[in-house]
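Please open the model in a viewer and keep the selection tool at hand. The stops below are arranged so that each selection leads to the next.

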Amino acid sequence: MKFVSAQDEQGLFVGLLNEAEDQVLPLGRTEEKMTGFASLPASMAECIALGEEFIEKAQAVAAWAGEHRAEEGAYLPLTGLTLLAPIPRPSKNIFCVGKNYAEHAVELGSKEDIPEDVIIFTKASTSVIGPKQPIPLHSEVTKELDYEGELAVVIGKEGKGIKQEDALDHVFGYTIINDVTARDLQSRHKQYFIGKSLDGSCPMGPWIVHASSITDPYQLNIETRVNGEIRQSSNTRQLIFPIAKIIEELSKGMTLEPGDVIATGTPVGVGKGMKPPSFLGSGDMVEITVEGIGTLSNPVR
């Protein structure tokens with residue numbers, strides 16, 4: 001199941017993408033046709049907070065729509081919609097894992113930079129944008145804007161002190177994040193937050209794939225292209241700290257809540273690591289593909 005946050009002339013809604021990925025079923029609107037009452041929220045975060053109730057209702061609505069395909073407007077063409085980030089404004093900063101692929105740690109430093117413990121930083125929730133939305137170049141504040149393709153985890157069940165063996169039970173689903181980074185700001189301020197939090201520096205999407213549809217999150221190919229050129233090509237089996245370990249570490253003394261988003265780290269091949277470095281420029285197109293999820297595309301302007 002692939003869930004989208006979308007907008008049309010009637011407003012914002014949470015939808016279910018069809019298998020062909022060319023049509024979207026507005027869940028709340030269709031539920032109202034089915035029962036006469038729309039109980040499903042119009043925001044993804046609120047839907048996720050419903051837990052298993054949301055999945056059950058989504059399945060029931062999809063089954064009804066499948067039996068009533070003649071219902072006018074049940075499914076909407078994807079091309080006629082504006083896709084937003086699956087969670088357009090998370091209630092917290094985005095949790096991010098630094099240097100979680102060994103080769104990436106080396107390309108920005110040396111073998112001594114491969115971490116022994118999980119490195120966590122955050123991106124401001126105001127940095128989130130959706131698929132196809134432009135990444136601002138921010139030329140007035142940075143000359144070194146870089147890309148980082150990442151698998152992201154969306155928390156579905158609240159928890160604190162979560163053990164690794166139970167961690168994946170707390171995952172609602174998976175999406176893609178481009179952890180856009182102003183490298184010069186990151187270096188100048190000696191920490192990650194400012195260089196990671198410029199407006200538009202967290203493209204997310206194009207949808208959330210429910211955890212039940214991802215057989216093994218540790219065997220997913222991940223690829224980043226800039227203007228069609230492959231820059232990053234790896235697999236999540238190369239993660240130093242797996243998703244379950246990240247969740248365990250984050251939840252030690254801190255409550256994880258439904259709708260929290262965790263970016264799991266980027267593989268080797270970022271612009272700063274190239275010789276010479278190759279940073280993003282106006283007109284560039286960044287495309288990040290994660291196996292089993294899809295492709296997140298954003299132009300730079």
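Begin at glycine 36, which follows α1 and has a positive phi, near 90°. Helix names here refer to DSSP runs (H or I, at least four residues), strand names to runs of E of at least two, both numbered from the N terminus. The model is a predicted one, in which local features need pLDDT of at least 70 and side-chain atom pairs count only at pLDDT 80 or more, while totals for chains, interfaces and linings use all residues. Residues are numbered from 1 along each chain as its sequence is written, and side-chain values use heavy atoms, with hydrogens and water left out.

Now select helix α1, residues 27-35, where Leu27, Gly28, Arg29, Thr30 and Glu31 are buried. Buried stands for under 20% relative accessible area, exposed for over 50%, and partly exposed for values in between (1.4 Å probe, protein chains only). The cover over the buried residues of α1 includes β1 (2-8), β2 (11-17), β3 (23-26), α3 and β4 (76-77).

Phe54, Ile55, Ala58, Val61, Trp64 and Ala65 are buried in α3.

With both helices displayed, their axes come within 10 Å and cross at roughly 65°. Axes are lines fitted to C-alpha atoms, for helices over the stretch in contact, with angles from 0 to 180 degrees between N-to-C directions. The crossing of α1 past α3 is left-handed, a term for a near helix turned anticlockwise from the far one by less than a right angle. On the α1 side, the contact is made by Leu27, Thr30, Glu31, Lys33 and Met34; on the α3 side, by Phe54, Lys57, Ala58, Ala60, Val61, Trp64 and Ala65. Contact here means heavy atoms within 4.5 Å.

## The nonpolar cores

Which residues touch the most other members of the largest nonpolar core? Select Tyr174, Trp207, Ile247, Ile262 and Ile293, which hold that position among its 52 residues. Helix α8 (residues 243-250) supplies the largest share of this core, with five residues. A nonpolar core is a set of buried Ala, Val, Leu, Ile, Met, Phe, Trp, Tyr and Cys residues joined through side-chain atoms within 4.5 Å.

Centre the view on isoleucine 262. Leaving aside residues up to four places away in sequence, isoleucine 262 touches Phe95, Val97, Leu151, Ala152, Val153, Ile155, Ile246, Ile247 and Leu250. A second, separate core has 32 residues, including Leu16, Met44, Cys47 and Trp64.

## Salt bridges

The whole structure holds 16 salt bridges, each defined as a side-chain nitrogen of Lys or Arg within 4 Å of a carboxyl oxygen of Asp or Glu. Select glutamate 148 and arginine 183, whose closest N and O atoms are 2.7 Å apart in a salt bridge. This pair links distant parts of the chain, 35 residues apart: glutamate 148 is in the loop between β9 (145-146) and β10 (149-155), and arginine 183 is in helix α6 (residues 183-188). Glutamate 148 is buried at 4% relative accessible area, and arginine 183 is buried at 3%.

Return to α8, where lysine 245 and glutamate 249 lie four residues apart, about one turn of the helix. Their salt bridge has its closest N and O atoms 2.9 Å apart. Lysine 245 is partly exposed at 22%, as is glutamate 249 at 28%.

## Backbone details

One joins glycine 205 and proline 206, with omega about 0°; proline 206 lies in strand β13 (residues 202-210). Another joins lysine 275 and proline 276, with omega about -5°; proline 276 lies in the loop between β16 (261-263) and β17 (285-290).

Glutamate 21 is in the loop between β2 and β3 and is partly exposed, at 30% relative accessible area. Histidine 138 also has a positive phi, near 55°. Histidine 138 lies in the loop between β8 (128-129) and β9 and is buried, at 15%.
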